[in-house]
Amino acid sequence: MNQPVPIPALELRSLSKTFYLPRRGSFLPRTTAHHAVTDVNLILPQNAILGLVGESGSGKTTTGMMALRLVQPTSGQIHVDGTDITHLDHVALKPLRRKMQVVFQDSYSALDPMMTLSQIVAEPLHIHAQGTPAEQIESALAMMERTGLHRSYGSRYPHELSGGQRQRVAIARALILRPSVLVADEPTSALDVSVKAQIINLLLDLQAEMGLSILFISHDLSVVRSLTDTVAVMWGGRIVEQAATETIFADARHPYTRGLLDAIPVLNPRDRRQRQFLTREQIQSQIPRICGPKTGQLVQVAPGHLVEAVQP
Amino acid sequence: MTRSPLYFALRRFADNKAAVVCGVILLTIILMAIFAPLITQTGYEDQDFLTEALAFPSGAHLMGIDDLGRDFFARIVYGARVSLTIGLSAALFSVVIGIPLGAISGYYGGVADWFVMRLIELFSVVPPLLAAMLLGALTGGGFVTIVLIAALFGWVQVCLLVRAQVKAFREKEFVRAAQALGATPGYIIRRHLIPNSVSPIIVGFVLAIPLAMMLEASLSFLGIGVPPPTPSWGQMINVGMNFMYFYWHMAVFPTAALAITVLATTLFGDGLRDALDPTLKGR
Amino acid sequence: MIRYILGRLISVALTFTVVSVIVFLMMHAVPGGPFDGNDMPVNDAVKAKLNASLGLDRPLHIQYFKYMWGVLHFDFGIPFQSPGETVLQLLARAWPPSLILGGSGVLIGAPLGILLGIAAALRRNTWVDYLASAFATLGLTVPVFVISMMLIMVFAVWLGWLPASGWDRPYSWILPIAAYAAIPMATYARYTRSAMLDVLNKPFVTVLRAKGISERRIIFQHVLRNAALPMITVFLPMFIGTATGSIFVEAMFRVPGLGAYFVSSINLRDYPLEMALILMITFMFCIAYLISDIVYALVNPRIRVGGRQ
C-alpha cells in the first residue's frame with residue numbers, strides 16, 4: 001500500500017556556503033575561502049520541531065539564514081512546502097516569505113526601537129497588505145495576547161520591556177502571518193533560566209495550536225531536549241549526527257555528540273559521570289569506523305539515526 | 001504612561017543648562033527677526049537721519065546711526081532676518097541632499113558608497129570659501145545663489161552622519177526581520193533606518209545653520225554676497241572696519257551680532273547632539 | 001598596505017582631475033574676459049588680438065589640456081594683473097606672508113592648545129576646565145574675522161599696544177598670528193581634553209597607577225601616545241588650511257598674502273591666478289589628506305596588521 005509521502009515543511013538539499021575573506025598583506029586581491037556550511041541535508045516535516053545544535057562557528061546560524069534566504073547559498077537547494085525557493089527573484093519570493101519566519105537571539109535589536117509594540121507586530125500584515133490598518137492593529141493585539149502579553153502593552157516601546165517580554169513580541173510578529181516554518185535562532189540563549197522555560201512552553205503551545213514546524217537552532221542541549229522531536233548535530237559546517245531526540249541523548253554514536261552531552265552541567269554531584277573533554281584530533285580519530293562510500297558521508301546506523309562515517 | 005525615546009532626549013537636553021540658555025538666546029533672535037517691523041522705528045534703508053550720521057548709541061537710537069544716516073539698530077535686526085533665513089534654508093537643502101545620499105551609501109555599500117565617498121572627498125579638498133567665492137562671482141551673488149552654495153558645502157556633514165547611523169543599524173536584527181518578511185530596501189530605509197536616524201539628522205540640520213551663516217557673512221564681507229541695501233552683518237562688518245577707529249559702534253554691533261548668533265546656534269546644536277545621542281560626542 | 005596607498009593615490013588623482021575640470025569650466029563660464037571690463041576699454045579688433053595672444057579663442061577643451069600640460073611642468077601662465085612676471089613668481093612672492101603668519105599661528109596655537117587640553121582634563125570640572133573649554137568653544141565657533149576684529153578693537157584701538165595692520169615689522173605680526181592661532185588652539189584643546197579623559201578612565205591607567213608610576217610619566221608616555229592618533233591626522237590639513245592664508249585675516253590686517261591676491265584675482269577676472277590658486281590649494285589638501293590617511297593606517301595597529309581572522 002503506497003502512502004503518499006507528505007511534503008516536508010522545509011527541506012535543505014546539499015546546502016553549502018563558502019565565504020571569501022580578504023587576505024591582508026598582499027598587493028593582488030587574494031582571499032581565503034571559509035567553508036561555513038558544507039553539504040547539509042535536512043528535512044523538517046510538517047508539524048514537527050527539529051533541533052540544530054553545535055558550538056559557535058559550527059555553521060548552524062548560517063544554515064538557518066540560508067533556509068530563510070537571508071543569506072544566499074553557494075550551492076544546494078531550499079524547498080519550502082515543496083516549492084524550490086533557491087533562485088527565485090525578489091518579486092516571486094515575497095509571497096512565499098509568508099510561509100517562513102524568524103525569531104532571533106537578541107530580542108532588543110530584533111525590534112525597532114522607534115516603533116510601538118502594536119506597530120511592530122502589525123508590520124508583517126502591513127508589508128503584505130492584509131486588511132485595513134485598523135484590522136491590522138487588532139490582529140496584532142490579539143496575537144500579542146496569544147503570546148502572553150496584555151493588549152495594553154500595544155502602545156509601549158521595546159526598551160520598556162524585559163528580555164522575555166520582548167521575545168514574546170518577536171514571536172508574535174513572526175507568527176502573525178501563520179507561517180509553515182519558524183526558524184528560531186537561539187531564542188532563549190539570552191534569557192534567564194526561569195524565563196527560558198516560559199518561552200519554551202509558549203513555543204510548544206503555539207506549535208501545537210498552529211500546526212507549525214520549527215527549526216530550533218541552539219547550543220544548549222538541555223533546552224533542545226525539552227522541545228524538539230529530532231536533533232541534528234553540526235560540527236565544522238557539516239552534520240555529524242542526526243536522530244530522534246531521545247535517541248541522541250540515549251545512544252549518541254559520534255564522539256563530538258558525546259562530548260556535547262558530557263558538557264551539560266549536572267545538578268547532583270553524585271550523578272556526574274566521568275566526563276571526557278576531547279580535542280579535535282581526538283574526535284577525528286574516534287569517529288566510528290563504519291563503512292561508507294565516502295569519508296564524512298552520513299550513514300544510517302539504525303532507522304532514522306544517521307552518523308558521519310570514515311572509510312574503513 | 002509610555003515614554004518614547006524622544007522624551008528621554010528632551011529630559012537630557014533640559015539638564016544641559018548652557019544649551020538651554022543658548023536655545024533661549026536663539027529663540028529671542030529669531031523672534032526679533034520675525035517681528036522686526038514691530039521693534040524698529042524705521043526701515044533698514046530709510047536714510048532719515050543724515051544730519052546725525054555716525055552718531056553714537058543713545059536713548060533714541062539704541063545702536064547709533066550709520067554712515068548713511070540709517071538707524072543702526074534697524075539694520076542689525078533686519079540683518080538677523082537675512083542671516084537666519086539663509087542659514088535655515090541652506091541647512092534645509094543640506095538635509096534634503098544629505099539624507100538620501102547618506103542612506104543609500106550606508107545601506108547599499110559597495111559601488112554606491114564608493115561613489116558617494118568620492119563625492120564627499122571632492123567637496124572636502126576644495127576650500128569652501130574659495131569655491132564659494134568663485135561661484136559667487138560667477139553668478140553675481142544674490143539670495144538664492146548663496147543659499148544653494150551654502151547647501152552645496154553643508155550637505156557633506158549631514159550625509160556622513162546619516163551614513164554612519166544607517167551602517168550601524170543595517171546589521172541589526174530588526175532589519176533582517178523586515179528582510180525576512182520580504183520588505184524592499186526602499187521600504188526598510190524609509191520605515192526603519194531613517195526614523196532611527198532622526199538624531200543625526202536633527203543635529204546635522206542645526207549644525208549646518210551656523211556654517212551657512214558664516215559662509216554668507218564671509219561672502220558679504222568680501223562684497224559678493226547679499227547685494228545692498230539689504231543689510232547683511234558680514235557686509236556691515238566690512239564697512240565698519242573703515243570706521244573702526246573713531247566710530248566703534250559701526251564695527252562692534254554687527255560683529256557681536258554675528259558672533260552671538262553663530263555661537264548660540266552651535267552650542268544649541270551641540271546640546272541637541274549630546275541629548276539625542278550621547279555616543280555621537282567626541283568628534 | 002601598498003594596495004591601500006595605491007588606492008588612495010588613484011582616488012586623489014581622480015578627485016584632483018575632476019576639480020580641475022570643474023574649476024576650469026566655471027571660470028570660463030563667467031561672461032566676459034579680462035578685457036571686457038570698463039577700466040580698460042579696447043575696441044573689438046584689439047580685443048580679438050589680445051584674446052588670441054593669450055589663447056582665449058581656442059576651443060575650451062584644447063585650452064584645458066594645454067593648461068594642464070603646463071601645470072604638470074609648473075607653468076601656470078602669466079597673471080593678467082601683473083604681466084611682468086609669471087603666476088609662479090607672483091605666488092612665490094605672495095605666499096611667504098601667509099606662510100609665516102599662518103604657519104606660526106598653527107605652530108604656536110597647537111602646542112598651547114594641547115597644554116590647555118591637558119590642564120582641563122586633569123582638573124576636570126574645576127574652573128580651569130570650564131575656562132579652557134569655553135575658550136576652546138569660542139575659538140572654534142566665533143568666525144575668524146570676528147576674532148580679528150576683536151583683537152584689533154582691544155589691542156590696537158582701545159589699548160593701543162599693537163599696530164592694527166601692516167606687514168613690515170615683526171611687531172605688527174603679533175595680532176594676525178594670534179588670530180590664526182585661535183582655531184588650532186581650540187581644536188587641539190578640545191581633542192586633547194576629550195582624548196585624555198577617554199584614556200584616563202581606561203583600566204590600564206589604573207594598573208599603571210597601582211604599579212606606582214608617577215603621574216607625569218603616565219600622562220606623557222602612555223596617555224598621550226594613545227590619544228595622539230586623531231591629533232596627528234588632523235594636523236596636516238589644518239596646517240595647509242591656515243598656512244595658505246585666511247582671506248579675512250589678510251583683509252583686516254592688510255597683509256599681501258595669498259588670500260588677498262585671491263580676492264583681487266576674482267575681482268579682476270584674472271583667470272591664470274585664480275586657477276592656479278585653487279588648483280594649488282586643492283592639490284595641497286589632497287596630499288595632506290592622503291598623508292594623514294596613510295599615517296593613520298600605519299600607526300593604527302588594527303589596520304596595519306590586518307582584518308578579521
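Predicted model: local features only at pLDDT ≥ 70, side-chain atom pairs only at ≥ 80, totals over all residues.

Q: What makes Phe24(C) a buried residue?
A: A residue counts as buried when 20 or more other C-beta atoms lie within 10 Å of its own. Phe24(C) has 20 C-beta neighbours inside 10 Å and therefore counts as buried. This residue belongs to helix α1 of chain C. Leaving aside residues up to four places away in sequence, Phe24(C) touches Tyr64(C) and Met275(C). The C-alpha atoms of Phe24(C) and Tyr271(C) are separated by 9.0 Å, although the two residues are 247 residues apart along the chain.

Q: Why is β9(A) described as largely enclosed by the rest of the structure?
A: Six of the six residues of β9(A) are buried, so the description applies. Thr230(A), Ala232(A) and Met234(A) point one way from the strand, while Val231(A), Val233(A) and Trp235(A) point the other way, and all are buried. In a regular strand the side chains alternate between the two faces of the sheet.

Q: How do you know which way β9(A) runs relative to β3(A) and to β10(A)?
A: Two strands pair if at least two bridges are found between them. Strand β3 (residues 49–53) of chain A is joined to strand β9 (residues 230–235) of chain A by four bridges, and these strands run parallel. In this pairing Leu52(A) stands opposite Ala232(A), and Val53(A) has Val233(A) as its bridge partner. Six bridges connect β9(A) to strand β10 (residues 238–244) of chain A, and here the strands run antiparallel. Ala232(A) stands opposite Gln242(A) in β10(A). β9(A) and β10(A) form a hairpin with two residues between them, and Gly236(A) in the turn has a positive phi of about 60°.

Q: What makes β6 and β11 of chain A edge strands?
A: β6 (100–103) and β11 (298–302) of chain A each pair on one side only. They belong to an open, mixed sheet of eight strands in the order β6-β7-β8-β3-β9-β10-β12-β11. Direction ignored, neighbouring strands of the sheet are turned by 20° against each other on average. Helix α1 (residues 60–67) of chain A packs on this sheet, touching β3, β7 (181–185), β8 (213–218) and β9 of chain A, and its direction makes about 150° with that of β8(A).

Q: How many of the residues of α11(C) are buried, given that the helix is called mostly covered?
A: Seven of its ten residues are buried. They are Leu258(C), Gly259(C), Ala260(C), Tyr261(C), Phe262(C), Ser265(C) and Ile266(C). These buried residues pack against α6 (128–139) of chain B together with α4, α10 and α12 of chain C. After α11(C) comes Arg269(C), whose phi is positive, near 55°.

Q: What describes the packing of α4(C) and α5(C)?
A: Two packed helices are described by the angle between their axes and the distance between the axes. The axes of helix α4 (residues 87–122) of chain C and helix α5 (residues 127–141) of chain C come within 8 Å and cross at roughly 140°. The crossing is left-handed. On the α4(C) side the contact is made by Leu116(C), Ala119(C) and Ala120(C), and on the α5(C) side by Val128(C), Asp129(C), Ala132(C) and Ser133(C). By class these residues divide into five nonpolar, one polar and one charged.

Q: How do you know that chain C and chain B are in contact?
A: Two residues are in contact if their C-beta atoms lie within 7 Å. In this model 32 residues of chain C are in contact with 33 residues of chain B. The elements of chain C that give two or more residues to this side are α1 (2–29), α5, α6 (144–158), α10 (247–252), α11 (258–267) and α12 (271–299). The side of chain C that touches chain B has 25 nonpolar, six polar and one charged residues.

Q: Which residues have the most contacts inside the largest nonpolar core?
A: The core has 235 residues, and those with the most contacts inside it are Val121(A), Met144(A), Leu215(A), Phe216(A), Val233(A), Ala150(B) and Ala212(B). Helix α4 (residues 72–108) of chain B gives the most to this core, with 18 residues. Ala212(B) touches Ile86(B), Gly87(B), Ala90(B), Ala91(B), Ala150(B) and Gly154(B), not counting residues up to four places away in sequence.

Methods. Residues numbered from 1 in each chain as written. Chains lettered and ligands numbered in written order. Axes fitted to C-alpha atoms, helices over the stretch in contact; angles between N-to-C directions. Left-handed = near helix turned anticlockwise from the far one by under 90°. Nonpolar A, V, L, I, M, F, W, Y, C, P; charged D, E, K, R; others polar. Buried ≥ 20, exposed ≤ 12 C-beta atoms within 10 Å, placed from the backbone. Core = buried A, V, L, I, M, F, W, Y, C linked by C-beta atoms within 7 Å.
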